Amino acid sequence: MILVPLLAGLPVVGIAGAAILTQKEEKPAACVVSAVGETVGDVTSTPAIPNGWSDLVEGAAATAGLPVSVVAAQLKQESGWHETARSSAGAQGVAQFMPGTWAMYGKGGDSLSAEDAIPAYGRYMSALKSEVEPLAGGDPDLLVQLTLAAYNAGSGAVQEAKGVPPFAETEQYVEKILDTGQGEFAADCAAPAGAVAWDGDLGDGEWTTPLPGGVFTSGFGGRNIPGLPAWAQDHVGMDLSTPGSGSGSGGPVIAPTALRITGFNNPDGCAIAKEAGPDPDFGFAFCHMNSYNVVVGDVLERGDVIGTEGNRASLGAVATHLHVEIYKPEAPEVVYPYQGWNLDPEPILKQKGAWVR
């Protein structure tokens, strides 16, 4: 299936004209933010992830339920991004799989191929995360730390310690991955964090607005925006934006109602979902996010964080905003724009008391 790229209701920012993000005083001394990422075809990839592997890394992060920045930092730590890396202990590939572990998670692929090894890494980290999740007590940040510790020391050691084992090597490993994730791979140098529920006001409506504090910037239907291709002038969703976000990461994107996460469109930063409560089984897409807090199969309550408002778009950088699409209840589990399923989100959100304030 060919995915039709999404474009914002806001002007496209050319690569040469992209604003340089500045480092804030509270960020770590090692924090480095690139102005733009590498360009693969007409897709701008995540800054600092080499070899055109951004989609692989983001897909593995979604599978594992870990922040993209943590996944990138761990792969760099394990192999230095070398696809054919080998260790004296027998680990190999960009994800440094031992033969026995590869047999369990490699699905018959080649551990020396990033296209096979990075998705397998996502499956392996997802399994480790599930094993240590009961110890996290619902703390998403602790769960990330425990998963990294399980990778380094084994999930048995984490279970025995009922936390990060008191081994200097493991403690330093967890700290190194989190520091590298923030310093080199996080959008705007944000600290890596796990999935959380938004702790602000959800409003009084049956649903809640998907971008708290956001303002309406572009509606459903025809428009005439200079610089956009003809197909993009038929806007099949609506756009919200957090004032002042510019071209960095914006606010939290939250579930307006109970949802099931059914898929992703990574080039456009989209999480795709279906309504999971008593309402009609509407489909949803929340797009241009810079990071996800969810994985396929997650069931979200109203107000759970889906990801972070951003500027990821397959046709190039755009100003930070959230593009929201709602699909007819009879739409497939995973659906894309321009397939005939789109509904105007505005009247639905207004009826449900979830319109922006």
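## The buried side of α4

In this predicted model, the buried residues of helix α4 (residues 114-132) are Ala114, Ala117, Ile118, Ala120, Tyr121, Gly122, Tyr124, Met125, Ala127, Leu128, Lys129 and Val132. Buried here means under 20% relative accessible area, with exposed over 50% and partly exposed in between (1.4 Å probe, protein chains only). Helices (H or I, at least four residues) and strands (E, at least two) are DSSP runs, numbered from the N terminus.

What do those buried residues pack against? Their partners are α1, α2 (68-79), α3 (99-105), α5 (140-153) and α6 (155-161), with contact meaning heavy atoms within 4.5 Å. As for length, α4 has 19 residues and runs 27 Å from its first C-alpha to its last, close to the 27 Å expected at 1.5 Å a residue. That expected span is 1.5 Å times one less than the number of residues.

## How α1 sits against α4

The axes of α1 (residues 54-64) and α4 come within 7 Å and cross at roughly 20°. That makes the two helices roughly parallel. Angles under 35 degrees get that label, over 145 is roughly antiparallel, 65 to 115 roughly perpendicular and the rest oblique. The axes are lines fitted to C-alpha atoms, for helices over the stretch in contact, and angles run from 0 to 180 degrees between N-to-C directions.

On the α1 side, the contact uses Leu56, Val57, Ala60, Thr63 and Ala64; the α4 residues they meet include Ile118, Tyr121, Met125 and Lys129. Sorted by type, the residues of this contact come out as nine nonpolar, three polar and three charged. Ala, Val, Leu, Ile, Met, Phe, Trp, Tyr, Cys and Pro count as nonpolar, Asp, Glu, Lys and Arg as charged, and the others, Gly among them, as polar.

## α5 and what follows

## Two loop residues with positive phi

Asn51, in the loop between β2 (43-44) and α1, has a phi near 65°, positive although the residue is not glycine. At 48% relative accessibility, Asn51 counts as partly exposed.

Lys107 lies in the loop between α3 and α4, and its phi, near 50°, is also positive in a non-glycine residue. Is Lys107 buried or exposed? At 69% relative accessibility, Lys107 counts as exposed.

## Reading the numbers

Residues are numbered from 1 along each chain as its sequence is written, and side-chain values use heavy atoms, leaving out hydrogens and water. Because the model is predicted, local features need pLDDT of at least 70 and side-chain atom pairs count only at pLDDT 80 or more, while totals for chains, interfaces and linings use all residues.
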